[in-house]
Amino acid sequence: MRTVIQRVQHASVTIDGTLKSKIGKGLLVLVGIEDRDTPHDVEWLCKKICQMRIFDDENGVMNKSVVDVDGEILVVSQFTLQASVKKGNRPSYIKASRPEFAIPMYESFCAEMGVHLGKEVQTGTFGADMKVELLNDGPVTIWVDTHNLE
């Protein structure tokens with residue numbers, strides 16, 4: 001499971017010209033799912049994201065989590081995070097899971113994230129052509145791959 005986590009002042013998802021979801025201060029989490037992902041990956045990653053100390057404390061030091069600042073989370077599925085650019089110039093998405101596996105994993109990820117956040121997360125719509133807007137705060141952008149932990 002791959003994620004790109006962005007600390008935002010606000011973010012939103014629009015589909016076919018209609019606002020689907022929006023958040024204020026918090027995290028925009030883009031998530032890409034592959035067939036080797038497990039419920040353990042979901043649990044570990046959601047806990048890690050909610051505990052990640054990337055918000056400023058009163059001294060301007062990144063020492064608080066999204067939970068600590070009562071922030072919000074917007075989760076957007078993004079199969080292109082599984083792109084391989086090893087050969088040629090056209091990315092290959094062969095590692096991205098098919099919907100029959102990815103949708104339940106995405107739904108599980110969103111539900112688990114809500115448990116760790118302590119409130120419902122906002123979402124995009126799996127497989128939709130989404131327009132995602134955000135104001136990255138910092139900028140702070142972190143990439144996490146559960147199969148390549150660094």
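# Reading a predicted fold

Me: Where is aspartate 70 found, in terms of strands and loops?
Reply: Strands (E, at least two residues) and helices (H or I, at least four) are DSSP runs, numbered from the N terminus. Aspartate 70 is found in the loop between β5 (62-64) and β6. The model is predicted: local features need pLDDT of at least 70 and side-chain atom pairs count only at pLDDT 80 or more, while totals for chains, interfaces and linings use all residues. Residues are numbered from 1 along each chain as its sequence is written, and side-chain values use heavy atoms, with hydrogens and water left out.

Me: Is aspartate 70 buried or exposed?
Reply: The scale is relative accessible area: buried means under 20%, exposed over 50%, and partly exposed in between (1.4 Å probe, protein chains only). Aspartate 70 counts as exposed because its relative accessibility is 59%. Its phi is near 55 degrees, a positive value in a residue other than glycine.

Me: Which values describe aspartate 16?
Reply: Aspartate 16 is not a glycine, yet its phi is positive, about 50 degrees. Aspartate 16 lies in the loop between β1 (2-15) and β2 (18-23), and it counts as exposed because its relative accessibility is 76%.

Me: Which residues have the most contacts inside the largest nonpolar core?
Reply: In soluble globular proteins, nonpolar side chains tend to be buried together. A nonpolar core is a set of buried Ala, Val, Leu, Ile, Met, Phe, Trp, Tyr and Cys residues joined through side-chain atoms within 4.5 Å. The largest one here has 27 residues, and those with the most contacts inside it are Met1, Leu27, Ile49, Ile73, Val75, Phe109 and Met113. At least two residues come from each of β3, α1 (39-51), β6, α2 and β8, and α2 supplies the largest share, seven residues. A second, separate core has 12 residues, among them Val8, Val13, Ile15 and Ile23.

Me: What does glycine 32 touch?
Reply: Contact means heavy atoms within 4.5 Å. Not counting residues up to four places away in sequence, glycine 32 touches Met1, Arg2, Asp37, Gln78, Leu81 and Gln82. Glycine 32 sits in strand β3 and counts as buried because its relative accessibility is 0%.

Me: How much space lies in the largest pocket?
Reply: On a 1 Å grid over the protein atoms alone, a pocket is an open set of points where a 1.4 Å probe fits, with protein on both sides within 12 Å along at least five of seven lines; lining residues have an atom within 4 Å of a point. Grid points are joined across faces, edges and corners, and a volume is the space filled by probe spheres set on the points. The largest pocket holds about 410 Å³. Of its 24 lining residues, Ser77, Gln78, Phe79, Thr80 and Gly127 are the closest to the centre. β3 gives the most to the lining, with four residues.

Me: Where is the cis peptide bond?
Reply: A cis peptide bond joins glycine 138 and proline 139, with omega about -5 degrees. Proline 139 is in strand β8.
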